[in-house]
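Try each task before reading its solution.

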Amino acid sequence: PTSLTSYLALPRALLSVSRTNGVIEWLEDDVSADELQSVLAKHGHSSLGDYNQDLEVIELKFGEFLMPGFVDTHTHAPQFPNIGSGQQYELLDWLDNVTFPMEARFQDVKFARKAYSTVVRRIIDFGTTTCCYYGTLHLEATKALADIVKAYVSLQNTVELVSYIRSIAGNAVDGVSEEAPRISSSGTADRDLGRRLPLVQPVVTPRFAISCTSELLDGLGQLVKADPTLTIQTHISENESEIATTKSLFPAAILPPLPDGSPRTSPVTYADVYDAYGLLNEKTILAHAIHLEDEEVRLIKERNAGISHCPTSNFNLRSGFAKVGMLLDHGIKVGLGTDVSGGFSPSILNVIQNASICSKVVALNASSTTTSNAPPDSASQVLNGIPSEGLLKKDTFTNRQLSVPTLLYLSTMGGAEVCNLSTHIGSLTPGKSFDALLISVRSSSGNPGIWGADLDDNFGMGMRSSTSVDDGPDDKHEGGRSSPGKEKELEGILERFLFCGDDRNIRRVYVRGRMIGGKEFRG
Ligand code: GUN
Ligand code: FE
C-alpha cells in the first residue's frame, strides 16, 4: 500500500531481510535472473558461494506473493470461546447475557491460559501480525495473555536469514524488462527495532464509559498524563442505547471542568466524556464510531485519535453502518478490527469483505436519504446521492464504496497508523519490520475458490515490471509495459484473495523476519 487509493505490485522484486533484527534492509524491483549476482554484489554479497553461507534464499513460485501482515486494531481475546453465539442480541443485552458471563471465567488462570493459547495461535494463522487485544479485569489472566503473545511472536529458532524473494513470473518475456523503471530502496529508519519497540505493549483500556466511574476515568487520565507514550483503547458510539446511557451517566455537571477552569455546559457528547478525562489523544483507538455527531467528528480529528472500523461486529450486533468514507474525508486515521465476539470471525479478510459491503450499504442509503457529518471540501458535492459515474472515485470517499486499494490500506497501513506504528509496520518498505504474509493462490493451497486448476496455464505469463494500481479515472500503471489485460490480472489476484481467500491461502506468517505461523509453519 502506498496511499489510501494506491498500491504497488512488484512482480520481480528482490527483498532483503536482516537476520539479526528482522528489518527490511533493501528492496530492488525488476531483477532478472541474470542480474541476481550483480544486485547481490551491490549490496555486499560477493558470490553465490558466499551467499549460501550467510543468506537463505526463498524464491516464490508461480501464484505466490508477499504482502504486509494484517493489523487488527480491536479484538477481545476472552470472547473467542463465544464466537458465533448470541445472534439474537444487540449490544447491551449481548454484554449481559453472553459476554460478561464468559469473561468472568477468566478469573481462573488455568482456563485463561488454555483459552488464550488457542486464541493467539488462531489470530496469527489468520494473518494478523499486529493485534490490539482486550483482556478481562483479571490481572493474572491478562499477564498470561501478554506472555503467550510474546512467546508466539519471539520464536528463538530463526530460520530466515536474508530472504531472496522472486515473485511469480520471474522470467518474463524477453526484451521488455530492461526498459522498465526500477525501484531500488534501502532501509535506514530503524536498525535497532527490537530494542526500541517491545513486542508486547500495555494499553490503557477503559472498556467504555458505561463500565467506568468518574473516579476510574480520572485515574486512567492521570496515568496517561504521567506517561504520554501509553496507547489507549475504548469503545465509542456503537449502539443507540449505549449512547443514551452514556449521556445519562455522564452529564456535564459530573465531568471535570474545561481546561480554562470553567464548568462544562450541556450538551455533552460521548467523545466529550473521554476528552474531559484526558483520554482522547493521538494514542487513542476508538472502536466502532458508528453514530458520531458532527461535533465529535471534529473533536476526534482535532485530537488525532484513530478509529477501529469493526463492520462484521456492527452488522452482527445490529449496531449500524459506520461512515468510514466520511471519516477518511475528514483525515481521520482508520484501521480495521475483528471485534471478536461481537464479530464472528478472527480474520481480517472477513472484516475487509464486510467493510466493503458496509461501504456499499452506506452508498446505497445515501442515494435515498441525506446524511449529516458533512465532510469538508469537495466531498460535500456527493452527499446527496451516488454520482452517476459510479461508486468509485479517487478524490473523495464519502458515500462511496471502498476500493480494493483502500481496503488493502485500511487492513495494513491504516491499522498501523491507528496504533501509531506506521514507521515500523504496515508496508513492505525498507527500514520497517518484515511483518509479512506469504500468500498462495495456487490450486495446491486447497482453496479452489480463488483460482481454478488452469492457474499455471494462463496466469502471470505477461507479468513484468512494477505495476502501480491506482483507482480512479486517471489510472496509471508505472512502468507497466505489459498489456492492460495482464495488469488487470495482477489486480485481480489481490482482489480475489481479499474477497475469496482464507487461512488456507496464508502459507507463512512472518513477524520481524521470523516465520511464526501460517499453513507451512510447524511450531
Ligand atoms: N462495548 C463495551 N464492551 C464491549 C464489547 O466487549 N464488545 C463490543 N462490541 N462493544 C463493547
Ligand atoms: Fe469491542
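**Exercise 1.** Work out how many bridges join strand S9 to strand S10, and find the bridge partner of Gln233 in S10.

*Solution.* Keep in mind that this is a predicted model. Start with strand S9, residues 231–236, and strand S10, residues 284–288: the two run parallel and are joined by five bridges. Next, go to Gln233, whose bridge partner in S10 is Ile285. Then step back to the open sheet of five strands, ordered S8-S9-S10-S11-S12 with parallel pairing. Strands S8 (203–204) and S12 (333–336) are at its edges; each has a single partner strand, so one side of each lacks a neighbour in the sheet.

**Exercise 2.** Decide whether Glu28 is buried or exposed, and do likewise for Lys42.

*Solution.* Buried means under 20% relative accessible area, and exposed means over 50%. Glu28 has 1% relative accessibility, so Glu28 is buried. Lys42 has 55%, so Lys42 is exposed. Now look at their contact: the two form a salt bridge, with the closest N and O atoms 2.7 Å apart. Glu28 belongs to strand S3 (residues 24–28) and Lys42 to helix H1 (residues 36–42), and the pair is 14 residues apart.

**Exercise 3.** Explain which parts of the chain the salt bridge between Arg318 and Glu90 ties together.

*Solution.* First, check the contact: the closest N and O atoms are 3.3 Å apart. Then place the residues: Arg318 is in the loop between helix H11 (311–316) and helix H12 (324–329), while Glu90 is in the loop between strand S5 (70–76) and helix H3 (91–104), so the pair ties together parts 228 residues apart in sequence. Finally, Arg318 is partly exposed at 47%, and Glu90 is partly exposed at 31%.

Methods. Residues numbered from 1 in each chain as written. Chains lettered and ligands numbered in written order. Predicted model: local features only at pLDDT ≥ 70, side-chain atom pairs only at ≥ 80, totals over all residues. Heavy atoms only, no water. Pairing = 2+ DSSP bridges. Helix = DSSP H or I, 4+ residues; strand = E, 2+ residues; numbered from the N terminus. Salt bridge = Lys/Arg side-chain N within 4 Å of Asp/Glu carboxyl O. Buried < 20%, exposed > 50% of the residue type's maximum accessible area, 1.4 Å probe, protein only.
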